[in-house]
Amino acid sequence: MTKSSLMARITSTGRGLLLATAIGLADATPAAAQEMDHAAHMMRDMAGGWRMPPMDPNMPMIPGLEMALPPVEPFLAAAGIDVMTLPEARPGEVVHLEAGDTFNVDVTIVRRTLNGHTAAMYGYNGQYPGPLIQAPQGSTVVVRVTNRIESPTTVHWHGLRLENRFDGVETLTQDPIQVGESFTYELRVPDAGMFWYHPHMREDVQQDLGLYGNLLVNSPDPDYYGPAHREEMLVLDDILMDDQGFIPWGKEAPTHALMGRFGNVMLVNGVTGHGLQVRPGEVVRFFMTNVANTRTFNVTFGSARVKLVASDVGRFEREDWVSSVVIAPAERYVVDVVFPEQGEVAIANTIQAINHFRGEFYPHVDTLALVTVAGPRVADDVTEAHATLRGIEEVAAEAEAMRAHLGRAPDYTLEATVRVQGLPLPIIRSMEMDTLYIPPMEWNDAMPMMNWLSSGTQVTWILRDLATGRENGDIHWTFQRGDLVKIRVFNSPESFHPMNHPIHVHGQRFVVLARDDTPNDNMVWKDTAIVPVGSTMDILVEMSNPGDWMLHCHIAEHLSAGMMFHFTVED
Ligand SMILES: [Cu+2]
């Protein structure tokens, strides 16, 4: 490609200078770059354990990085164990618990086959996803967890306003569950909705290897949601593989510390090629959970009519028609969907991907699941009811009370930023050119090589309390039970490499009051919400649950790279 055609592209996309131009790659043809990649790849295979993640052939190698490796040891599950001796994982089962029931969960090493590769992964009770635990709202159920994998673990019950000592946060609320040991969690579930559970230690490895499951809390109100013919789960995930299997994880610290580990194989409910059959006119309620390390999905449902109903900790003030659902790591959304016509509909991740080297966006669609719409048409009361949008008065009344806080100054302002130390010089050089276009959302890994090479030992992601200048673990806030605390999160675009952050508050619920000073006119109780680059998000946290809790970014690699602190709610 000539420089003039590159410039034409720049002009047409309206973006700044190209990274490729900045680092002298403008004249490298993709073919030459590919050859270079290949040679480097072969050398690296011999270098002992690390394999370079597969790259888009449109992205040339950065000079000076051909032989670079992450500064940590490679890790794969159950290394040295014959994978065929491991028990084969099974699809997740549904477990109905009543108040006081006890359920045993073993965390085990399993055999899985993904994309044609058989390898060791982890599973809760040997299942993918882990068991779907159902419990009635207001109950307390007991889950006894036994660690039978090769490293210490804990289980965090994401979104539950449970008793603090069962929150599953390593060192803060419990000691790690050592190999062979057990921990008994008592789960109080005051809120209806779809929650989930996962480890709170090295999530970048353990969760990615399959440790996640849903917990559905059922309201006693049969009309809590509108009518639907059936309910389906969509647990959204991705995993990074090449033609030999999984790209190893970092042993002592995560790789991919800059942007998090994006996968290149999409998984729904733990499998590739998830499919379901529905009849025309059938109303399907989908409970979506994003369990990916870092990927935010923009989920589309083809021509189907999609009604947005609920999110993390309850229902929206009013149902709404949407064309897609943006779901960040750890978020949940509930949609009621009607597929009107016979045929095949792809549930897809539909994004504008970015290529930093060419300074351009390109549309990218990954099919997540295939819906076959066939059989006789359904046209009953349920189908008819789907055409109506409901308002939820109870939630609207709560939201109205929250809106009284719109006009006042935030109690705390957090700035999200990043600091790096000891990254390879070519990475520093190419990123300091200040020529990179930084999108508000990183929908894809637009710099896989640089990202892979950055480890948690070199990158510190930061939440900074602007009033005190304190950062991450040096921040400590104390509240009284009942406080309504307004927190502003500003995602600074002025850092080495800014990125969107899904902010998660443990043990409490909050509403998003406003984004960039625009009030939120359809609130829902949340436990996680994403802040795009350059954006400001105001949340109002209801400090309803006493204890020592964590606030952190839910990108697994960002959490490991420091992006968290604790706060206390006194009774
Ligand atoms: Cu983050």
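The largest nonpolar core holds 112 residues, and Trp157, Leu187, Leu215, Ile239, Ile487, Leu551 and Phe567 touch the most other members. A nonpolar core here is a set of buried Ala, Val, Leu, Ile, Met, Phe, Trp, Tyr and Cys residues joined through side-chain atoms within 4.5 Å, where buried means under 20% relative accessible area, exposed over 50% and partly exposed in between, with a 1.4 Å probe and protein chains only. Strand S4 (residues 102-114) gives this core its largest share, 6 residues. Strands are DSSP runs of E with at least two residues, helices are runs of H or I with at least four, and both are numbered from the N terminus. Apart from this core lies another one, of 30 residues, with Val268, Leu276, Leu308 and Val335 among them.

All of this comes from a predicted model, in which local features need pLDDT of at least 70 and side-chain atom pairs count only at pLDDT 80 or more, while totals for chains, interfaces and linings use all residues. Residues are numbered from 1 along each chain as its sequence is written, and side-chain values use heavy atoms, with hydrogens and water left out.

Back to Phe567: leaving aside neighbours within four places in sequence, its contacts (heavy atoms within 4.5 Å) include His476, Trp477, Val505, Met543, Trp549 and Leu551.

Aspartate 538 sits in strand S35 (residues 536-542). With a relative accessible area of 4%, aspartate 538 is buried. Its side chain meets that of arginine 488 in a polar contact of 2.8 Å. Such a contact is a pair of N or O atoms within 3.5 Å; within protein, one must be able to donate a hydrogen and the other to accept it, and residues adjacent in sequence count only if both atoms are side-chain atoms. Beyond four places in sequence, aspartate 538 also touches Ile487 and Val512, among others.

Threonine 255 is found in the loop between strand S16 (249-250) and strand S17 (265-268), and counts as buried at 3% relative accessibility. Its side chain makes a polar contact of 2.9 Å with that of histidine 256. Glutamate 73 is 182 residues away from threonine 255 in sequence, yet the C-alpha atoms are 9.7 Å apart in space.

Then there is the copper ion, whose protein donors are His501 (ND1), Cys553 (SG) and His558 (ND1), at 2.0 to 2.1 Å. Donors are N, O and S atoms within 2.8 Å of the metal (3.2 Å for Na, K and Ca), and sites may look incomplete because water is not among the atoms. The donor residues follow the spacing H-x51-C-x4-H. Cysteine 553 is buried at 0% relative accessible area, and histidine 558 is buried at 0%.
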